[in-house]
Amino acid sequence: MCGTAGMFVGCAALTQCPKQMLLRRVAAEDALEPSTPPLDYRSPFRNWHERAAVRQSPRRTLREDETGRHYFPPELVPITQHPLVRELSEAVQEEILVQHLYRYLDFTAKLESLVVNRTVLSIAQGSVGVELPDEMRFDAYKIYCDEAYHTLFSVDLARQVERRTGIAPRLPRQPFFLDRLHRLLDERSAADGVLTELLFVVVSETLISASLAEVPDSSEVVAAVSGTVRDHAGDEGRHHAYFAMFLRRMWGQLSPAERRAVARLVPRLIAMFLHPDLPAIREELIGYGLGVDDAHRVVAETYRPEILSQHLAAMSQQTVRYFESLGAFDDARALEELHAYGIRN
């Protein structure tokens, strides 16, 4: 998973991403009517040994000749565009970009290692409760390797950046999505929790961070960052295709009552993953010397309700289509949830 979809609210590149268009073609090929049985499995990992980042990409290291380049594109960090933030010193503005990179890398490492890989290993071992072809379970081991490598290169790059810049990460105890996921799991029974976490992985692996896909094209960003993001995005295209097919098979094995429950939960999971951590952003701004009132103003004016709603709708478009193709939102309450979370007008 690209990792920080919720961190790019307001990006102008959102609707023009080539990765998004590519995955729309995947959706068109894989989407089925609800009554249609799954096709024979077509592995998206046929060339994994030649193309996976863990098999063919070099270690991304910071170079000495990149003085003046950013550690993250300013246009992808919305608060940097606010007039009150622009009044801060250049050093502080650059630290904001470094901290954003740290959050992205931490988000990626925690998502992949603590959530996705736990579920992927269960899929590979056949203990997730969904009957799958042997080849599909075998491919889950490849995803497991990919996600472990994404964790490794995220931690590796963060350590390099801290040594180079001398800027210590200002990170919460854990990413906001993880707090929200744990609260949701605490509300549910053990049996419901297993399906909920599986569904969260399906949702997170099919959501697209379109603005993240723009990072490799920015010549103003240090090469190690853009290279890392490019490696990550290449792997995640295959993961997206895999979980789109997994969803069809899982859905076909759910009872009518389980399908209704899943459909009604999907909008909450989308919002849980995509909604930015506004309290943490306010605290970060205060840490840079902004007054409390000014920090609240920056957040309120940057993340206006209509912008958040547009962001959720655009970023979740493909995931919603997958569930729609299965008839999930034929259920009136599930459709109401889409509207309630601002995913559908």
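**Helix packing and nonpolar cores**

In this predicted model, helices α5 and α6 are roughly antiparallel to each other, because their axes cross at roughly 160 degrees and angles over 145 degrees count as roughly antiparallel. Helix α5 covers residues 90–125 and helix α6 covers residues 134–165. Two packed helices are described by the angle between their axes and the distance between the axes. For α5 and α6, the axes come within 8 Å, and the crossing is left-handed. The contact between α5 and α6 is made up of 19 nonpolar, eight polar and four charged residues.

The next topic is the nonpolar cores. The largest nonpolar core has 59 residues. Within this core, the residues that touch the most other members are I123, L199, F200, Y242, F243, F246 and F323. Helix α10, residues 256–274, gives the most to this core, contributing 10 residues. Leaving aside residues up to four places away in sequence, F243 touches V120, I123, I143, V201, V202, E205 and T206. Another core, of 36 residues, lies apart from the largest one; F72, V77, V222 and V299 are among its members.

Just after α14 comes G327, which takes a positive phi of about 85 degrees.

Notes:
Residues are numbered from 1 along each chain as its sequence is written. This is a predicted model: local features need pLDDT of at least 70, side-chain atom pairs count only at pLDDT 80 or more; totals for chains, interfaces and linings use all residues. Side-chain values use heavy atoms; hydrogens and water are left out. Axes are lines fitted to C-alpha atoms, for helices over the stretch in contact, and angles run from 0 to 180 degrees between N-to-C directions. Helices (H or I, at least four residues) and strands (E, at least two) are DSSP runs, numbered from the N terminus. Angles under 35 degrees count as roughly parallel, over 145 as roughly antiparallel, 65 to 115 as roughly perpendicular and the rest as oblique. A crossing is left-handed if the near helix is turned anticlockwise from the far one by less than a right angle, and right-handed if clockwise. Ala, Val, Leu, Ile, Met, Phe, Trp, Tyr, Cys and Pro count as nonpolar, Asp, Glu, Lys and Arg as charged, and the others, Gly among them, as polar. A nonpolar core is a set of buried Ala, Val, Leu, Ile, Met, Phe, Trp, Tyr and Cys residues joined through side-chain atoms within 4.5 Å. Buried means under 20% relative accessible area, exposed over 50%, partly exposed in between (1.4 Å probe, protein chains only). Contact means heavy atoms within 4.5 Å.
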